[in-house]
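Please look over the sequence and the structure shown below before reading on. The report that follows takes up a few topics in turn.

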Amino acid sequence: MSIPLPLTTDRLTLRTYLPSDMQALLAYYSDPEVARYLLDDPWTPQYAEQQMEQQLTRTGLDCESRSLAVVVEHQGAVIGDLAIWLNDGTGQKAEIGWVFSPQAAGKGFAAEAAAALIDAAFTHHDLHRIKAQMDARNDASARLCKRLGMQREAHLRENWWMKGEWTSTLVYGVLASER
């Protein structure tokens, strides 16, 4: 069964991407501080177009892409985005990721949005676990994982060559039985 969209929380709406979201996403993805711990460099307008094409196809865990990408709106403005995707052949393990505008930081929006998506994924799909992986220097995402009830499962030392340096990865996970 698909996750019913849009998802709403007390303050937020999570919905699939629209082509008109590109400028809002470009505004924060082009910020070097936002891109610091991401695999991609800061977005250019051309790269934003490519990313939008991909995100528009990510409409559900049960669709061909086996992934769902949503933007997060607060009072009608896009403040962030999340994605969840199946990452094994069983269809019972998924990974989640998020990026939020710096203007949304410190207000609990990321935790509210991620919790809603995790709960919906466990409710509407036969998932056993969801994990999040991040650059080990990304303290904000690690704190978010803890707020979401995820357990730190691994610290992989210098396992990823990214942007000209070896970086370390943290892995957090949550089981369906823990939600």
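In this predicted model, the protein chain carries 17 positive and 23 negative side chains, and the centres of these two sets are 7 Å apart. The accessible surface of the protein chain amounts to about 9300 Å², and 50% of that area belongs to carbon and sulfur atoms.

As for secondary structure, the protein chain contains five helices and nine strands, which follow one another along the sequence in the pattern β-β-α-α-α-β-β-β-β-α-β-α-β-β. With a radius of gyration of 16 Å, close to the 16 Å that the globule rule gives for 179 residues, the protein chain is therefore as compact as a globular protein of that length. The C-alpha trace spans about 40 × 40 × 35 Å along its principal axes.

Two percentages describe the packing of the protein chain, and they are set out here.

| Property of the protein chain | Value |
|---|---|
| Residues that count as buried, of 179 residues | 46% |
| Contacts joining residues at least 24 apart, among those between residues at least 6 apart in sequence | 58% |

Is helix H4 mostly enclosed or open, and how many of its residues are buried? Of the 16 residues of H4, 13 are buried, so this helix is largely enclosed by the rest of the structure.

Key:
Residues are numbered from 1 along each chain as its sequence is written. This is a predicted model: local features need pLDDT of at least 70, side-chain atom pairs count only at pLDDT 80 or more; totals for chains, interfaces and linings use all residues. Side-chain values use heavy atoms; hydrogens and water are left out. Helices (H or I, at least four residues) and strands (E, at least two) are DSSP runs, numbered from the N terminus. The radius of gyration is taken over C-alpha atoms; the globule rule is 2.2 Å times the number of residues to the power 0.38. Buried means under 20% relative accessible area, exposed over 50%, partly exposed in between (1.4 Å probe, protein chains only). Contact means heavy atoms within 4.5 Å. Accessible areas come from the Shrake-Rupley method with a 1.4 Å probe; for residues, only the protein chains shown count as cover. Lys and Arg count as positive and Asp and Glu as negative; His and the chain ends are not counted. The place of a charge is taken as NZ of Lys, CZ of Arg, CG of Asp or CD of Glu.
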